[in-house]
Amino acid sequence: MTNPSPVTIRPYRESDLATLLPMNNAAVPAVSELTDTKFAALIADALVCLVADLDGHPAGFLLCLAEGQNYDSPNYAWVSRNRQRFAYTDRICVGENARGKGIGEALYRALFALQKDSGRTVLCEVNERPPNPGSMKFHSRLGFREIGRLDHGDKAVVFLEKSND
């Protein structure tokens, strides 16, 4: 039996865009589709964008926004109204061939470590309609708890929070 390849978490580099954008857009409707320009702008505004390398290649990413951003998103607006200081996970994506290897958990654990003494809680939302039960189970296992819901008509989300203890 061979050992699984280790996952390395690192900050985003500009050269990652060509790999991460298709990964993001393949994850629709769990995340919103982006153009390269919009994705680059979102990364520039991010509190942090972490990349998971597997075998030396990007296999996933987590993009997190802090409070006070001018981000045109009803979900971000909800979080801004309901929390003063936060690290909001706008999107987390893992490449289809890299799933089931602990990459999502490794990305979140790195975020938790970065935010430990920041005074921010870590927040995200998960689709309730269309349902995403795998993501709900994943976030619950990491210690996230429901703090609210928002219905957009054709889509509905559940907001989740993890205190940084």
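A nonpolar core is a set of buried Ala, Val, Leu, Ile, Met, Phe, Trp, Tyr and Cys residues joined through side-chain atoms within 4.5 Å. Buried means under 20% relative accessible area, exposed means over 50%, and partly exposed lies in between (1.4 Å probe, protein chains only). This is a predicted model, in which local features need pLDDT of at least 70, side-chain atom pairs count only at pLDDT 80 or more, and totals for chains, interfaces and linings use all residues. Residues are numbered from 1 along each chain as its sequence is written, and side-chain values use heavy atoms, with hydrogens and water left out.

**View 1. The largest nonpolar core has 26 residues.** Phe-39, Phe-61 and Leu-63 touch the most other members. Several elements each supply at least two residues of this core: helix H1 (17–26), helix H2 (36–45), E2, E3, helix H3 (74–82), strand E4 (86–94) and E7. Helices (H or I, at least four residues) and strands (E, at least two) are DSSP runs, numbered from the N terminus. H1 gives the most to this core, with four residues. Another core, of 24 residues, lies apart from it; among its members are Leu-50, Leu-107, Leu-111 and Phe-144. In soluble globular proteins, nonpolar side chains tend to be buried together.

**View 2. Leu-63 and its contacts.** Contact means heavy atoms within 4.5 Å. Leaving out residues up to four places away in sequence, Leu-63 touches Phe-39, Leu-42, Ile-43, Ala-46, Val-48, Cys-49, Tyr-88, Thr-89, Asp-90 and Arg-91.

**View 3. Strand E7 (residues 156–162) is mostly covered.** Seven of its seven residues are buried. One side carries Ala-156, Val-158, Leu-160 and Lys-162. The other carries Val-157, Phe-159 and Glu-161. Two strands pair if DSSP finds at least two bridges between them. Strand E5 (residues 121–129) runs antiparallel to E7, joined by seven bridges. Here Arg-129 stands opposite Ala-156. Strand E6 (residues 145–151) also pairs with E7 in the antiparallel sense, over six bridges. There Arg-149 faces Val-158. In the hairpin of E6 and E7, four residues sit between the strands, and Gly-153 takes a positive phi near 95°.

**View 4. Helix H4 (residues 103–115) has 13 residues.** From its first C-alpha to its last, H4 reaches 18 Å, close to the 18 Å expected at 1.5 Å a residue. The expected span is 1.5 Å times one less than the number of residues. The buried residues of H4 are Ile-103, Gly-104, Leu-107, Tyr-108, Ala-110, Leu-111, Phe-112 and Gln-115.

**View 5. Two backbone exceptions, at Pro-130 and Asp-55.** Most residues other than glycine have a negative phi, and most peptide bonds are trans. The peptide bond from Arg-129 to Pro-130 is cis, with omega near 0°. Pro-130 is placed in the loop between E5 and helix H5 (133–141). Asp-55 is not a glycine, yet its phi is positive, near 55°. Asp-55 lies in the loop between strand E2 (48–54) and strand E3 (57–66). With 54% relative accessibility, Asp-55 counts as exposed.

**View 6. The cysteines form zero disulfides.** A disulfide is a pair of cysteine sulfur atoms within 2.5 Å. The sulfur of Cys-49 is 9.8 Å from the closest cysteine sulfur, in Cys-64, so it is too far for a bond. Cys-49 is buried, at 7% relative accessible area. For Cys-124, the closest cysteine sulfur is also in Cys-64, 9.9 Å away and too far for a bond. Cys-124 is buried too, with 2% relative accessibility.
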